[in-house]
Each structure stands twice: as C-alpha cells, then as structure tokens.
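Let's walk through this protein together and see what holds its parts to one another. Have the sequence and the 3D view open as you read.

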Amino acid sequence: MTRSATVFLGFLLSAAAPAFAQDAGRVEFATGDAVVRARDGAPRPAVRGTAVGQGETVETREGRVQLRMEDGAYVSLQPRTELRFDEYVPARAGVEERGFMRLLRGGLRTITGSIGRVNRSAYRVTTPTATIGIRGTQFALFEGDGTRVNVADGIIQLCTTGGCLDVFAGQSGFAPGPTARPTLAFSPARLPPVASVQPVLPVVLSEARRDDGAALVFSQPLAPAALPVVPLPSGAGGIGMATVEGAAFSAGLLGGTVTFDAAGALSQFVDGGTPANNFTAGVSSDFGADGIIAWGRWTSGDRAGVSQVTMNYAANLSANAVTAASIVRGYATFASTAPIVTSGGSVVATGAPNSVTGSMAVNFPNLTGGGSLTYVLNVPVAGQTFNINGSATQFVGTAFLGSASTITSTGAGCTPSCTGNIPFGNAIQGFFTGANAERAGANYGFTSQLGQVTGAVVFR
C-alpha cells in the first residue's frame, strides 16, 4: 500500500531536569539480574515495585522485566534488552501527554495505554534503525539485524528516512537499515536464543492485572508453522513458470490443463496452445496450495522431450478467476519456493522454502489494462540476501509483467550489478486469482555474479 507519512525524528531529553518529576512506570515483575539505570549511569536492582523515572533505562541482561506504565500501558521486556524512557508523561492539567521511548537493543511486547490514543504524534518508539508510531495497538518490537515488528491488534507505522509502512494486525514489518524502505515480512520477528532463558516473550504478564482485576493476556505473535495444504482439483487453469533446461532459461504465463496429485503437488501441465510447453513426469518439492492458489518447484521432468527440466511455478484454476471490478490494495508474501541459483544449466545453490519475503502495492483501477504495481522482494540464497525494488504493468487483465527494477545484495552477488532476466518482463511476472483477487502468484528471475537466480512466490 502507498501512503504519505511523516518520518518522526528521534527525541532526546535536554540535560536540564524536566519541570515534572512523575515516574514513567513501575516494575510489576522481574527475574534475573535486571537493573534500572539512572540518567547519571548509576544502576539499581529492578525488583517488583521499583519506580522507573524520566530518562532512565531498564536493562534486563539475562532476565526479564514487566512494567506497568503511568498511562495504564504494559511493557514486557525480553532478555538482553535495553529500553530508555526519554519522556513518558500522561496528560494532566497544564501538561501535554508524551510517550517517547528508545529501544537500544533487544525486544519488547506492549499493550499501549492512554498516551497516543487520540494524539498519535504523542507516542513513538525509536530504534537505531527506525521509528514506530501507533494508532492504538498491541505489538511486539525487536531490534537486531534491523527493526522488526509484529502487530497483534491495531496498526503501527514503521518509518525510516527511506519511507513509512503501515503494518496491520496479523502482519509483520521489517526495516533492514535507517535509510532502507520498510517492507512487510513473512517471518515474524524473533530474538536469537538465550542459553539460560526461554527465547520467547511470555504470553501472560505474570501478576499483571487490568483495572478490573482480570489477568492481562498478550496475543501470540504469528508463528512460521508449516502451512496446511488444501489441494486444488485438476482442471482448466494456468501457470506462471520459470524453467531451467540445460543452459537455457525461460519464463511465461501459460493457460491449459493443470493436473495435481492427491497431496497437492503439480504432476503435469498441458499447454492449451503450444504443445512445446507441456510439462510431464516431474517431481514437485517445496509445494503448497491453499484452495485458491498452488505453488512449488518441479524438477527432473520433461518438457517436449527435453529431460531434467527444473521449473518454479505458481498455478491457479479457471474456477478461481477474479470477478472483482478492480484490484487496488496491498499484498504481502506468505509462502515461496526455495530460491535457486543456476549456472551453465546446473543448480549451484539452493535457499530455503518460504524464505522469500516482500510486498506489493497494486493499482489496477479496472481489469481491462493500464494499471501498475510496485513490489519489493528479499531473496536469501548462497549466504546473502538479494533485494529487488521494482515495478510492473498490468497485462491481459489480471496478469502483470515487470517493467523496471533495482537489484542489490548484502554480499558480492550484485558486484558490479544484477539485472532482471524474466523474458518479456524485467524481473517478475505473475497473476491474481480468487473471486476478490485474494491471492497473487509470481515468478522472479535475475542474473547475478553467481548465476541465474529464480523462484516462485505467492502473496495475499
């Protein structure tokens, strides 16, 4: 989705003491050797009842701390977390509310209180990478390889100098660096394991109570559990495919007859118009289906008599054709095939299934043509992550073809450059499916210094 937004600037207290001396909050529960560090750097133990003042920092070390804030919010801190309360004051006579915090490292989960409920600009959390604003919410936030956030309720705004992203309930966002544009992420945020403590934030805030006395319970973050497979029936439909056969690479959006086995894997595709694009006798891996769209990596198959063909595919059925009048919305990835790198016709590197993350902002005002979309994909393979920022144009109603892209890598894969290499599309091609365009499937492909990188990805 696209929206203009203000990028918040970090806020630091002045050296002079504020005119108010109200505490920011108090420790409700603590384990381990956690401390509260005063503004002058002096530490004191974080135990139940310890007040946390303005400008002070809570350091959990190998423990955990749960805080009740003055505005009724709750904050639960992970091990190895440092959170500074730059200024945290509920509204009262003559004083405007302010809830400005800085997550220096680690992770937290919070249910927000009264601050920011009406005046959203009064609440923000800054990290070394990004700034988080709220629109009345419950979220988990982690700072490590960048800033990651999981939203359980409401909406948060994840901002860097590269732009802002609204992250809704059930979604995860990622800002890899202070100048990078934030993107939606498939995998929820996680801290690295801690040997002496379970590396998962508690679901129930121990001893924390709402004003009515009931136990306060946090929603679980999204889990990267294996997706259930709801096989599509065989029949008339189409595939978006990218294939490797020998040293050749090709891609296309094809219509014909799609055959799936009982497990939901593609077993055959017969092109309705071009017999040369028939695919038979392959073995599917990384496959999945959810009753609307199917995807997978198909290997060791034949294509018009050529054997040992590898194909990444996304497939749909005519029965799931789009009936919506337009497609104007945002999408996030929810599954992908393992990215592969091929050189000279051989697979030289393989990534992990469901590891590709990204998002699309789509503007198809009608299904006759003339629409466009922008997309971001993060493709981890061969010890590095390739980032594709690109655009595509509407093609034949509900299909799209890439038109431009910028591809970079965290390693040397794009030194000196990477170039989109999907035939008839710059770096991506795909389609929408489902009555209300609930799903999208796409193939991506580009040339790197390691070889041809390709895979299939699905969005919802």
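A disulfide here is a pair of cysteine sulfur atoms within 2.5 Å. A search of the whole structure turns up two of them. Before going further, note that this is a predicted model, in which local features need pLDDT of at least 70, side-chain atom pairs count only at pLDDT 80 or more, and totals for chains, interfaces and linings use all residues. Residues are numbered from 1 along each chain as its sequence is written, and side-chain values use heavy atoms, with hydrogens and water left out.

**The overall picture**

The protein has zero helices and 37 strands; helices (H or I, at least four residues) and strands (E, at least two) are DSSP runs, numbered from the N terminus. Of its 460 residues, 53% count as buried, where buried means under 20% relative accessible area, exposed over 50%, and partly exposed in between (1.4 Å probe, protein chains only).

**Disulfides**

Back to the cysteines. Counted along the chain, the bonded ones follow the pattern 1-2, 3-4.

| Disulfide | S to S distance | Angle about the S-S bond | Handedness |
|---|---|---|---|
| Cys159 and Cys164 | 2.1 Å | 115° | right-handed |
| Cys414 and Cys418 | 2.1 Å | -100° | left-handed |

Are these cysteines buried or exposed? Cys159 and Cys164 are both buried. Cys414 counts as buried because its relative accessible area is 10%, and Cys418 does so at 11%.

Thr81 sits in the loop between β7 (74-77) and β8 (82-89), and it is buried, with a relative accessible area of 1%. A polar atom of its side chain lies 2.9 Å from the backbone nitrogen of Gly107. Leaving out residues up to four places away in sequence, Thr81 touches several others, including Val58, Thr60, Leu103, Arg105 and Gly107.

Arg105 in turn has a charged partner. It forms a salt bridge with Glu82, the closest N and O atoms being 3.4 Å apart. That pair links distant parts of the chain, with Arg105 in strand β9 (residues 98-111) and Glu82 in strand β8, 23 residues apart. Arg105 is partly exposed, at 39% relative accessible area.

How many salt bridges does the structure hold? There are 12, a salt bridge being a side-chain nitrogen of Lys or Arg within 4 Å of a carboxyl oxygen of Asp or Glu. In another one, the side chains of Asp290 and Arg439 meet at 2.5 Å, N to O. Asp290 lies in the loop between β24 (283-289) and β25 (294-303) and Arg439 in strand β36 (residues 439-447), so this bridge ties together parts that are 149 residues apart in sequence. Arg439 counts as buried, at 15% relative accessibility. Shared partners join Arg84, Asp86 and Arg102 into one salt-bridge network. Within it, Arg84 and Asp86 meet at 2.6 Å, N to O, and Arg84 and Asp86 are both buried.

**A buried loop residue**

Ile115 is found in the loop between β9 and β10 (123-126). It counts as buried because its relative accessibility is 0%. Beyond residues up to four places away in sequence, its contacts include Asp71, Tyr88, Pro90, Tyr123 and Ile134. Its C-alpha atom is 7.6 Å from that of Ala91, 24 residues apart along the chain.

**Aromatic pairs**

The structure holds seven aromatic pairs. Rings of Phe, Tyr and Trp (its six-membered ring) pair if their centres lie within 6.5 Å; planes under 30 degrees apart count as stacked, over 60 as edge-to-face and the rest as tilted. Trp295 and Phe334 are edge-to-face, 5.5 Å centre to centre with 85° between the planes. Trp295 lies in strand β25 and Phe334 in strand β27 (residues 327-336), so they tie together parts 39 residues apart in sequence. Trp295 is buried at 5% relative accessibility, and Phe334 is buried at 3%.

The rings of Phe400 and Phe432 have centres 5.4 Å apart and planes at 50°, so that pair is tilted. Both Phe400 and Phe432 are buried. Ring pairs also link Tyr331, Phe364, Phe400 and Phe432 into a cluster.

Notes:
Polar contact = N/O pair within 3.5 Å; in protein donor to acceptor, adjacent residues only side chain to side chain. Contact = heavy atoms within 4.5 Å.
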